[in-house]
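Keep the structure open beside you as you read.

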Amino acid sequence: MISITKVLVVVSALGLVLAPALRGSRDAAAARLRSPPVMLAALAFLALSLIWTTVPSSEALGALGKHAKLLLIPILVLFLRTRREALTALAWFVGAQVFLLLSSWLLVLDVPVPWATADTALIDHAVFTNYLGQSIMTATLAGICWHLRSYLPHPWMRQAAIAVSLLALASTLFVMPGRTGHLVAIAVVSLALLWLLPRRLRLAGVLMPVAVAALLLVTSEPMRYRAGLVVDESMAFAARAETRSSSGERLNFWHRSVQAISERPWTGFGLGSFNQQYKRLDAGRGNPTTFGVRNPHQEFLLWGVEAGIGAMLLLCALLYCLYRDMCLGERPAVRAGVSAMAALLISCMFNSILFDAAIGDFFCVAIGLLMALSLRTASDPVQAPGRAA
């Protein structure tokens with residue numbers, strides 16, 4: 001159902017582009033965006049590798065479909081043509097995420113949650129997916145609610161938004177064991193504190209992530225425990241190539257990815273080829289239970305294995321252009337968007353976020369909605385909280 005809905009959205013978006021073009025008009029505000037051309041170029045570059053991919057075409061096309069979810073970002077901007085429409089869509093999106101957050105807290109309190117379908121819901125309190133994805137989404141939600149609270153019309157609503165932010169951070173840092181979620185939470189809190197500082201103290205704000213991380217390591221037992229595991233597991237991998245741990249597996253994926261990229265640095269092995277090359281390079285040396293993995297748990301390395309260094313550079317250019325497009329509108333929208341982009345960048349360093357289904361869709365929808373809000377607040381004559389500094 002989700003896949004069919006995505007196809008319908010894409011077809012509708014083509015109509016939104018073609019119909020005005022046939023009439024000789026266009027969305028002047030959307031034409032200011034830098035990211036859509038770079039996104040199309042990146043997807044075209046990946047699609048070109050279908051010519052030489054080393055896997056069956058069905059697998060390669062499936063991988064292309066996973067990458068193509070990026071199109072949701074400009075599509076949402078096309079659909080949401082006013083500030084009010086963008087705010088309404090964001091309200092529905094945030095409401096769904098708040099429902100997820102409250103459901104997770106009900107699991108923490110041992111309250112039955114019949115709609116919790118995750119296999120480990122009663123263990124790590126993830127509702128629909130897993131603690132890795134949910135902790136990242138929850139930390140990102142905290143930043144969105146905090147920065148967009150000024151758009152709410154009543155004081156009690158703004159206080160509720162602050163409460164949601166605090167609940168989301170508490171869930172990420174003190175309940176869920178996801179280490180990437182912990183890093184995203186540190187980034188979200190650090191950016192919020194940095195923007196609260198007077199401009200003359202902004203330079204000292206570069207130390208904010210270190211201070212926040214140190215404080216959380218002291219106060220959060222799950223974070224302290226998982227951080228210790230990272231050190232122990234990484235040292236075990238360095239000393240004896242131990243891969244039977246979360247960090248060891250991830251380091252092994254990255255090691256094999258770098259090997260594959262070094263073999264074909266300019267063309268890669270084609271879309272959908274990571275699993276095949278990983279099994280070839282790791283045969284007889286790693287953990288056979290990971291041979292079904294479809295990505296290296298690192299977005300940049302995935303693009304490199306599939307289409308070479310050029311694809312990795314295009315991904316960097318795309319993320320930069322998405323960031324620049326986020327900075328077009330009012331201050332609250334810009335700060336919420338930049339927080340989401342920081343969460344995406346950190347997540348891409350430790351997971352193939354944009355390739356994965358649930359968490360990838362989350363970020364594409366979140367960034368698309370926030371970009372629409374930023375763009376429409378820049379072009380909509382309605383008076384609002386003030387422009388970005």
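A search of the whole structure turns up 6 aromatic pairs; rings of Phe, Tyr and Trp (its six-membered ring) pair if their centres lie within 6.5 Å, and planes under 30 degrees apart count as stacked, over 60 as edge-to-face and the rest as tilted. This is a predicted model, where local features need pLDDT of at least 70, side-chain atom pairs count only at pLDDT 80 or more, and totals for chains, interfaces and linings use all residues. Residues are numbered from 1 along each chain as its sequence is written, and side-chain values use heavy atoms, leaving out hydrogens and water.

Here are two of the pairs:

| Pair | Centre to centre | Angle between planes | Kind |
|---|---|---|---|
| Phe-274 and Tyr-278 | 5.8 Å | 15° | stacked |
| Phe-362 and Phe-363 | 5.3 Å | 80° | edge-to-face |

Now for two helices. The axes of H11 (residues 221-240) and H12 (residues 246-263) come within 8 Å and cross at roughly 50°; axes are lines fitted to C-alpha atoms, for helices over the stretch in contact, with angles from 0 to 180 degrees between N-to-C directions. Helices are DSSP runs (H or I, at least four residues), numbered from the N terminus.
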